[in-house]
Amino acid sequence: MNAQTTSAHDLMQAMGQRARAASSLMAKASPAAKAKALKTLAALLREQSAALQPANEQDLAAARAAGLAEPMVDRLKLTPKVLDTCAEGCEQLAAMPDIIGDIVGMQQQPSGIRVGQMRVPIGVFGMIYESRPNVTIEAASLSIKSGNACILRGGSEAIHSNQALAQLVQQALLEAGLPADAVQLVPSTDRACVGELIAMPAFVDVIIPRGGKGLIERISLEAKVPVIK
């Protein structure tokens, strides 16, 4: 195992440990705390729209220098409209009923016992996605609403934008009294980190790949963790 792979292994193991610890706190988080985190994140996305631009411009410049087609470059842009749409999504989630703890499918057994299914958080999910940095907010907000923790690995072409957005998510979590480690973004573009993320069943309960058919098929074949396609 070379030094780069060892570094990826250590990084992902540490992130996995923190995510698992955060997941137990998120599972017990009140609907009010989760709603506060989402509303705070919405406000931060609007307030920090201008502050996010330098990180986004860094990704856009690198994409153009690498010869990325303009339609692909457009997918990387964090315009005020894109950020406002993300903020609206957070607010809509905050306003939705919290279903964690709900019991459904109650059935009377011959013994007289009533049996049903309770909706509970998954625990920790890993999401691997490409290009669009707004997916960072979509995944993070859904994770918060559902009382889960997550580890996010976005495309390397959006690394600076994703890092800036993830910082806002963690700020919102802390302001709501929730653990910042409930949403973590892999800070490295090393592909070895993906291999580590999909092979940590002790820390990650499910992997969600989002992208092209090739990415989804590759993750499905290599993962040692259940994959949701």
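View 1. A22 is buried, with a relative accessible area of 3%, where buried means under 20% relative accessible area, computed with a 1.4 Å probe and protein chains only. The model is predicted, and local features need pLDDT of at least 70, side-chain atom pairs count only at pLDDT 80 or more, and totals for chains, interfaces and linings use all residues. A22 belongs to helix α1 (residues 3-27), a helix being a DSSP run of H or I with at least four residues, numbered from the N terminus. Leaving aside residues up to four places away in sequence, A22 touches A149, P179, D181 and A182, contact meaning heavy atoms within 4.5 Å. The C-alpha atoms of A22 and V124 are separated by 8.8 Å, although these residues lie 102 residues apart along the chain.

**View 2. The largest nonpolar core.** In this core of 64 residues, L45, I151, L152 and V204 touch the most other members; a nonpolar core is a set of buried Ala, Val, Leu, Ile, Met, Phe, Trp, Tyr and Cys residues joined through side-chain atoms within 4.5 Å. Helix α2 (residues 31-47) gives the most to this core, contributing 8 residues. Apart from this core lies another, of 5 residues, with A63, V73, L76 and A158 among them.

**View 3. Contacts of L152.** Not counting residues up to four places away in sequence, L152 touches F125, M127, Y129, T136, A139, A140, V183, Q184, L185 and V186.

Conventions:
Residues are numbered from 1 along each chain as its sequence is written. Side-chain values use heavy atoms; hydrogens and water are left out. Buried means under 20% relative accessible area, exposed over 50%, partly exposed in between (1.4 Å probe, protein chains only). Helices (H or I, at least four residues) and strands (E, at least two) are DSSP runs, numbered from the N terminus.
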